[in-house]
Amino acid sequence: MSLASREEILEKTGHVVAVRNVSFDVRVGETFVVMGLSGSGKSTLIRCISRLIEPTDGRVVIDGEDVTAMDEKQLRRLRRQKMSMVFQHFGLFPHRRIIDNVAYGLEVQRVDKSVRRARAREVLRLVGLEGWENHYPGELSGGMQQRVGIARALAVDPKILLFDEPFSALDPLIRREMQDELINLQKIMHKTILFITHDFLEALKLGDRIAIMKDGEIVQMGTSEQVVMNPVNDYVREFTRDVPRSRVLTAKSIMQTTLVVTETDSLATALSMMPGEESAVAFVQGENGRFLGMFTREQARNLAVTHTDVKSLVRACPTVSPDTTLADLISFVATTNTPVPVVDGDRKLVGSVDRVSVMMALGGDVDTGYGPAPKLGENGRTGEPSGLASDQPSK
Ligand SMILES: Nc1ncnc2c1ncn2[C@@H]1O[C@H](COP(=O)(O)OP(=O)(O)OP(=O)(O)O)[C@@H](O)[C@H]1O
Ligand SMILES: [Mg+2]
C-alpha cells in the first residue's frame with residue numbers, strides 16, 4: 001500500500017506529517033545519531049520518545065516498558081529518573097546559580113540540598129566547570145553553558161540521554177571540543193544516547209550507528225562506514241561527498257582473506273599451499289588460533305635446508321586491527337612490501353591489507369562489500385573482504 005504524500009495529507013487534513021513510518025532500536029550503551037536537514041522531523045521524533053509530543057500512532061518501548069501506554073505519574077518518573085534531555089539552546093534558568101541549575105533535576109526529586117549540591121559539584125567537575133558553581137548562566141560562554149546543560153542532564157544519573165542538536169549553536173572550534181568531550185565522557189559513562197544533529201560529520205564522529213531522515217522518514221540507517229560507502233540515494237550521497245574517506249573506511253572493509261598455516265605444520269606443507277612467487281607470504285597462527293607472525297616463500301626457500309617446520313621460521317610482524325582507519329593504515333603499508341595482517345581483539349587473524357588495496361580504497365575504487373563489487377582482476381586478487389556489515393557498535 002503506498003502512503004499518501006505529505007503534501008496530499010496537508011491539503012486534505014491541514015496536518016503536517018512530521019514523522020512517519022519510523023522504526024528503530026537503540027542498543028544499551030550505544031550512541032545512535034539521527035541526522036537530517038532542517039524540518040526533516042528530528043525534533044519531533046526525539047520528543048515523541050519522551051512524549052513531550054504525543055505520537056498519533058506507533059509505540060515507544062524502553063527497557064520493555066511501553067512508554068506510549070504510561071500514565072502521567074509513570075511518565076514523570078521516566079523523565080525524572082531514567083532519561084534526560086539536552087537542548088540546543090541550553091535552556092538554563094538565568095536567575096539560578098550554575099550549581100542550582102545542575103541540581104535542578106534532583107531538587108525536583110526532593111533530594112536533600114547538601115546531597116544534590118555535592119552531586120552537582122561532581123558532575124560539574126566531570127564536564128570541566130569546577131569553580132563556576134556560584135556564577136550565573138549569563139556570565140558563561142555558549143560552550144560553557146552547554147556544558148552546564150550536559151551536567152544538568154547527567155546529575156540525575158539517567159540511563160538514557162537525549163540530545164537535540166546540543167552543539168549547533170556553538171562555533172566550530174568549541175563544537176569540535178564538545179564532541180571530543182562527549183566521546184570521552186561516554187567512555188566513562190556508557191549511557192544509551194540518542195543524538196540529533198543536522199551535521200553529517202558530527203553524526204559520523206559520534207554515532208555508533210546513524211539514521212538519516214528526510215521528510216519525516218528514515219531513508220538510511222547503518223554504521224558510518226556503511227552509509228559513506230553505500231549511500232542509498234542522491235540525498236544521502238550529497239552528504240557523503242565531502243567526507244574524508246581515509247577517516248571513515250577501515251581495514252575490515254578492504255581486507256582480503258589470506259593463507260594461514262599453523263605453527264606445527266611442516267614447511268613442505270606450507271610451501272605447497274603458497275602461491276609460486278617469491279614474495280608470497282604465509283601468516284602463521286598458533287595451535288590456539290592466535291596470530292604469531294609470517295614468512296615469505298623466499299625466506300622459506302632460503303632456510304628450507306636447515307629448518308623443516310613452520311615454527312622455526314615464523315617472524316613477528318606489526319599488525320593492525322579491523323577498525324584501523326585508512327589514514328592510519330597508510331604508515332603501515334608504506335614501510336613494507338608485504339601484506340599487513342589484520343588481527344582482532346582475540347589476536348585471531350581475520351585478513352590482510354596491502355599497499356595496493358589501501359591505495360585503491362583511497363582512490364575510491366574499492367570493493368567494500370557494501371555495494372556492487374568492482375573488477376579487481378588485473379593483479380589476480382580474488383580474496384574477498386570479510387567481517388563486514390557488523391551490527392555491533394564499532395566504537
Ligand atoms: N507545532 C508544530 N505545528 C505544526 N507543524 C510543526 C510543528 N512542529 C514541527 N512542525 C513541522 O514538522 C516538521 C518537522 O519538524 P521538526 O521540528 O521535527 O524538524 P527538525 O528536523 O527538528 O528541524 P530543525 O533541524 O530545524 O530543528 C516540519 O515540517 C515542521 O514545520
Ligand atoms: Mg529540531
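Is the crossing of helix 6 and helix 7 right-handed or left-handed? I found the crossing of helix 6 with helix 7 to be right-handed, the term for a near helix turned clockwise from the far one by less than a right angle, with anticlockwise giving left-handed.

**Basis.** I worked on a predicted model, in which local features need pLDDT of at least 70, side-chain atom pairs count only at pLDDT 80 or more, and totals for chains, interfaces and linings use all residues. I counted residues from 1 along each chain as its sequence is written, with chains lettered from A and ligands numbered from 1 in the order in which they are written. My helices (H or I, at least four residues) and strands (E, at least two) are DSSP runs numbered from the N terminus.

**Helix pair.** I noted that the axes of helix 6 (residues 113-126) and helix 7 (residues 142-155) come within 9 Å and cross at roughly 130 degrees. Axes are lines fitted to C-alpha atoms, for helices over the stretch in contact, and angles run from 0 to 180 degrees between N-to-C directions. I therefore recorded helix 6 and helix 7 as oblique to each other; under 35 degrees would be roughly parallel, over 145 roughly antiparallel, 65 to 115 roughly perpendicular, and the rest is oblique. On helix 6, Arg119, Ala120, Val123, Leu124 and Leu126 meet Ala151, Leu154 and Ala155 of helix 7 (contact: C-beta atoms, placed from the backbone, within 7 Å).

I traced an open sheet of 6 strands in the order 4-5-6-1-7-8, with mixed pairing (two strands pair if DSSP finds at least two bridges between them). Strand 4 (83-86) and strand 8 (217-222) are at the edges with a single partner strand each, so one side of each lacks a neighbour in the sheet. Strand 1 (residues 31-36) runs parallel to strand 6 (residues 192-197), joined by 5 bridges. Within this pair, I saw Val34 opposite Ile196 of strand 6. Helix 2 (residues 42-49) lies across strand 1, strand 5 (160-164), strand 6 and strand 7 (209-214), at about 155 degrees to strand 6.

**Ligand 1.** I listed the residues surrounding ligand 1, among them Val16, Gly41, Lys42, Ser43, Thr44 and His198 (near: C-beta atom, placed from the backbone, within 6 Å). Helix 2 gives the most to this shell, with 3 residues.

**Three-stranded sheet.** I also found an open sheet of 3 strands, ordered 9-10-11, with mixed pairing. Strand 10 (residues 281-285) pairs with strand 11 in the antiparallel sense over 5 bridges, and Ala282 stands opposite Phe295 in strand 11.

Technical notes:
Contact = placed C-beta atoms within 7 Å.
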